[in-house]
Amino acid sequence: MINNVQRSASLFVMKDFLWFFITIMPFIFYIPHAIEPTVMTLVNVFITGVASFFIALEPDKTRVKEDFIHNVLKNALLSAFYMFVPVLGVIVLLLIMHGRDINAEHISEWIPAISLTITISGLVVFYFQCKPFTRYRKILFVFTIGIILFALVLCPQ
């Protein structure tokens with residue numbers, strides 16, 4: 001049970017680290033902060049919410065390795081950084097396109113792209129959190145992908 005709670009906690013804390021990186025980004029690049037919390041809606045609901053809940057319920061008989069807090073923070077920080085890199089790529093692309101004339105409107109035009117990159121990288125992080133795959137985790141992972149694709153088709157903006 002502890003191993004599954006570690007996986008779930010890592011997903012929840014990852015979201016906080018990611019938002020911290022996104023929040024400090026405007027100070028580093030001297031750009032307006034125009035990224036809204038809605039960019040993480042799919043990740044919040046389907047990965048850190050629903051999927052991590054079901055991961056925590058799965059029976060796990062493997063031995064607990066290392067320290068709980070250390071594992072959670074290490075996994076969450078690495079996952080958040082991995083999810084932040086595509087967002088950083090979009091912002092660098094915007095800086096290349098607009099130079100120092102970048103404003104909140106330029107950033108808000110790219111919110112769908114930022115949201116999609118966060119969602120895709122969130123699925124990749126979730127994939128690695130599910131390893132080693134059991135039958136239960138395979139079903140959960142495929143279901144999560146399906147529900148996210150359904151949400152994207154239903155509400156593309």
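1. A definition to begin with: patches are made of residues with over 30% relative accessible area and no salt bridge, with like charges joined within 9 Å and nonpolar side chains (Val, Leu, Ile, Met, Phe, Trp, Tyr) joined within 5 Å. Accessible areas come from the Shrake-Rupley method with a 1.4 Å probe, and for residues only the protein chains shown count as cover. A salt bridge is a side-chain nitrogen of Lys or Arg within 4 Å of a carboxyl oxygen of Asp or Glu.

2. Some housekeeping. This is a predicted model, where local features need pLDDT of at least 70 and side-chain atom pairs count only at pLDDT 80 or more, while totals for chains, interfaces and linings use all residues. Residues are numbered from 1 along each chain as its sequence is written, and side-chain values use heavy atoms, leaving out hydrogens and water.

3. Which residues form the nonpolar patch on the surface? They are Val 45, Val 50, Phe 53, Phe 54, Leu 57, Tyr 136 and Phe 143, together exposing about 620 Å² of accessible area. Helices H2 (41-57) and H6 (135-154) each supply at least two of the patch residues; helices here are DSSP runs (H or I, at least four residues), numbered from the N terminus. H2 gives the most, with 5 residues, and Phe 143 belongs to H6.

4. H2 and H6 also pair up: their axes come within 11 Å and cross at roughly 160 degrees. Axes are lines fitted to C-alpha atoms, for helices over the stretch in contact, and angles run from 0 to 180 degrees between N-to-C directions. The two helices are therefore roughly antiparallel (an angle over 145 degrees).

5. H2 has another neighbour in H1 (residues 2-29), packed at about 165 degrees with the axes 8 Å apart. H1 and H2 are therefore roughly antiparallel to each other. Their contacts include Leu 11 and Phe 12 on the H1 side, and Ile 47 and Ile 55 on the H2 side.

6. Elsewhere, H3 (residues 68-98) and H5 (residues 111-130) pack at about 155 degrees, their axes 9 Å apart. That makes H3 roughly antiparallel to H5. Tyr 82, Met 83 and Pro 86 are among the H3 residues that meet H5, whose own contacts include Gly 122 and Val 125.

7. One backbone detail to check: the peptide bond joining Lys 131 and Pro 132 is cis, with omega about 0 degrees. Pro 132 sits in the loop between H5 and H6. Most peptide bonds are trans.

How values were computed: Parallel < 35°, antiparallel > 145°, perpendicular 65-115°, else oblique. Contact = heavy atoms within 4.5 Å.
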